[in-house]
Amino acid sequence: MENQPKPLPRITAFENMGLGLFVHWGLYSQLGVGEWTWKIHERPREDYFRLAETFTAADFDAEDLARTAKNAGMNYIVLTTRHHEGFSLYDTCGLNTYDAPHSPAKRDLVKEFVEACRKYDIVPFFYHTTIDWHWENRQTFELSEEDFKRYLDYLCASVEILCKNYGKIGGLWFDGNWSRPQSDWQLDRMYGIIRRYQPDAIIINNTGLNNLGEYGHPEIDSVTFENNTAKPMDRTGRKKYVAAEVCKTMNAHWGHAENDFAFLSPHALIERAAHSRGCGANFLLNIGPEAQGRIPDYERAALAILGKWARLYQEAVYTPRPVPGIKYPGRDFMLKEGSNYYYFTYDLDRLGDNNVTFGTHGTAFRGAYGFNATVKKAYWLDDKSEVSVIQDKKEGLLSFYTAGFPYGMDTVVRVLKIETEE
């Protein structure tokens, strides 16, 4: 397409990762009522500070976390190195003592995280808040402009520690600028620190729930769709190719919430992951470890099922890209790599006996309008069974007969590989 920017190598590599794991873990996890409990529940400051005295991280196993992500088909993990409460999981090197090494944990948990990621070929990313409810016993939005400038010195020093002390990282994921929209966040300065030490790092700054997919500073490498669904990116006329990422939590909280039972099903997670890739966006799925770092049972199980789906269709999930100009029925879409197309099929029926199988409604046609490549062969990626296609190249029509899932199988979103002569 004309007038389209080309992605930088670091952005191409980020898009090829496809799936990532978000991990929200901090002092708030001990209370088990969500990551914003200090602010929303108006907890006394002194009581909240004392949570650092009981933070042991006894159940945090960085290698288990990395293996869990790998098993889930994830290629990167974004860890909350510091959330809005101001407590750091890393050694702040004298900036303060409100960090994991000065807690009963007595460990640099970010160091453990990075080492485990490298062992299991996972790319480590650092989430870091840009606001702080702890600094000088005030919340960032309460600061005068003069005090806010001093706070930015602290923030930039924190970012520099993360960029200098842990080797090469995949990127930094910021969150909080939406809290002071009228202030100068000195982004040239902060992003300049990152580029000095981590020139290939992906820089993301969450635009929040009210500004989904919004472009920001020129150094930003990916827009965000927080807890929502992605929309296809229109990069026409843009100076820089910017990626997209959907960050999604499994329930209504990012941090551990003991009595929040409203989890998304594996069915929903697969549909959302597929939709994100269909829009060309990465899918960053969140878990909230328990008080001292244990991965909850349901999150672990749901991730494992998502991973089985991703491995079954891995050829289609990671490196293929959206195909502009083609229209599909319902929620279906195609991705493309080289001369191969991958048709993601939603809402398939199941085959079987009506006495024992739910949802048996027979067969149906699916297809695409605006498809002009000549098809050589089409088959389901999971069992390699061939599918007959009908083409009208003059009209740009492609159709095929979907026989439904075989008895005993339902992958939620099934992928058809279409080989062409292109």
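Q139 sits in the loop between β3 and α6 (145-164); helices (H or I, at least four residues) and strands (E, at least two) are DSSP runs numbered from the N terminus. The structure is a predicted model, in which local features need pLDDT of at least 70, side-chain atom pairs count only at pLDDT 80 or more, and totals for chains, interfaces and linings use all residues. Residues are numbered from 1 along each chain as its sequence is written, and side-chain values use heavy atoms, with hydrogens and water left out.

Q139 counts as buried, at 13% relative accessibility. Buried means under 20% relative accessible area, exposed means over 50%, and partly exposed lies in between (1.4 Å probe, protein chains only). The Q139 side chain makes a polar contact with the side chain of K39 at 3.3 Å. A polar contact is a pair of N or O atoms within 3.5 Å; within protein, one must be able to donate a hydrogen and the other to accept it, and residues adjacent in sequence count only if both atoms are side-chain atoms. Residues up to four places away in sequence aside, Q139 touches K39, R45, D132 and W133. Contact here means heavy atoms within 4.5 Å.

C93 is partly exposed, at 47% relative accessibility. With residues up to four places away in sequence not counted, C93 touches I161 and N165. C93 and A157 are 64 residues apart in sequence, and their C-alpha atoms are 9.8 Å apart in space.

The structure holds 28 salt bridges. A salt bridge is a side-chain nitrogen of Lys or Arg within 4 Å of a carboxyl oxygen of Asp or Glu. One of them joins the side chains of K70 and D121 (3.8 Å, N to O). K70 lies in helix α4 (residues 62-71) and D121 in the loop between α5 (109-119) and β3 (123-129), so this pair ties together parts that are 51 residues apart in sequence. K70 is partly exposed at 34% relative accessibility. D121 is exposed at 59%.

Another salt bridge pairs the side chains of E315 and K417 (2.5 Å, N to O). Because E315 lies in helix α10 (residues 314-317) and K417 in strand β16 (residues 414-420), the pair ties together parts that are 102 residues apart in sequence. E315 counts as partly exposed, at 33% relative accessibility. K417 counts as buried, at 10%.

Salt bridges that share partners also join R10, R195, E219, D221 and K240 into one network. Within this group, the side chains of E219 and R195 meet at 2.7 Å, N to O. The pair links distant parts of the chain, 24 residues apart: E219 is in the loop between β5 (202-206) and β6 (222-226), and R195 is in helix α7 (residues 187-197). E219 is partly exposed, with a relative accessible area of 26%. R195 is buried, at 17%.

I390 is placed in strand β14 (residues 389-392). I390 is exposed, with a relative accessible area of 51%.
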